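This report covers a predicted model.

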Amino acid sequence: MPPGLDNLKHIVVLMMENRSFDHMLGGLKAQDPRIDGLTGNESNLDTTGAAVKVQPQAEFQSQLDPDPDHHFPAVDLQIFNGDNSNPRVANMQGFVKSYFNQQRDVKHSQKIMYYFTPDKLPVLTTLATEFAVFNGWFSSIPGPTICNRAFPHYGTSFGQVSMDVFYVKEPYKSIYERMIAANPAHTAKIYYYDQASSTMEIVNLLQNQPKLFATYEQFLADCKIGALPDYSFVEPNYNDHDGDDGEELASDQHPDHNVQAGEAFIASVYNAIKQNPGLWASTALLIVYDEHGGIFDHVPPPACVPDGFVAQPNDTGTGRAFAFDRLGVRVPAILVSPWIPKGTVVSGRVFEHASIPATVTKFFLGDYDQRSPREKSADTFLDLLSLPVMRTDGPDFQ
């Protein structure tokens, strides 16, 4: 076993909200052509028939308002540009048309093609270039948040493609329940931000509180004293609200929340791990986004192994059934560990959110059969911890 895996004791996942790969990391292609980002020639037609090229004009806030539509029918338009033939081919040409539907404003609809230059996102882009960035990490479903966030927890959304609460079906258990029921038992927690911004998983996992839940403040404390569980899932602050120390800014980067607040939150998670030397040496941190939020990405989502469920035409809102046999739009994903070679670009492999429970299960539990076909087939990522000697040159953020 490589030394990095031999020393690995903790896997931490930080899942942010609603940004595409090209929007956040596409600008990195200019400095590293191995990264499957933007050339500047990618475009969509707007509703007047004019070609709208990608532009490095993304702003931290007040630009993507109203929130781009990312429900299943809108994402279908974004991917297939209204093509209803059978078979059909994804062309990623419907993003501007989809955003136009939000307020019927041609000029505003073009902003969906804007992206950030690397200097605007120093935390995210530094981590991407210092550690491992994934060229091919896709959301699990071409749809919204709740169904996509089900996949890292369960390896399936149990047939759900909407924002409705999903219901867990046997025999599948969450990765947290698998961990604590194992013999020997492992530890696992969802760290939600605070009581005013708590996880959507409470509905399904509440029976195990407080064993499976803690706040972000507890995450920071657990990192400091070296009490982090074997597996941690960290959530940002989903909404602006008053906290004990004044106003708490939403840090999830969901449009139209402040992207810089999310940068600071990502840095705080990274710093909490890195500032404890023992924890830093024994932890792999995955930073990933739940879905693309309706924002342009140029890479067509690939086919995948179905998860065993089918969403009916009335549920998809498209007049078509969905067999969970293709992935959603590509999202940013970065793996951080001092055992990863600097500048790793993961190409030629497909990952999605079912890769998370697949990786955690493989590493901590080994053979575990009661999982969805999608999760069983999902690629895992700990092979990226390949260095024979631990690095000592990781970046520091203030």
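S43 is partly exposed, at 23% relative accessible area; partly exposed lies between buried (under 20%) and exposed (over 50%), with a 1.4 Å probe and protein chains only. The model is predicted: local features need pLDDT of at least 70, side-chain atom pairs count only at pLDDT 80 or more, and totals for chains, interfaces and linings use all residues. Residues are numbered from 1 along each chain as its sequence is written, and side-chain values use heavy atoms, with hydrogens and water left out.

S43 belongs to strand 2 (residues 43–45); strands (E, at least two residues) and helices (H or I, at least four) are DSSP runs numbered from the N terminus. Contact means heavy atoms within 4.5 Å. Setting aside residues up to four places away in sequence, S43 touches A51, V52, K53, Q93 and M113. Its C-alpha atom is 12 Å from that of K111, 68 residues away along the chain.

Helix 10 spans residues 216–225.

| Class in helix 10 | Residues |
|---|---|
| Buried (under 20%) | Y216, F219, D222, C223 |
| Exposed (over 50%), on the face turned away from the buried side | E217, K224, I225 |

The buried residues of helix 10 line one face, because they fall within an arc of 110° seen down the axis; the arc is taken over directions from the helix axis to the C-beta atoms.
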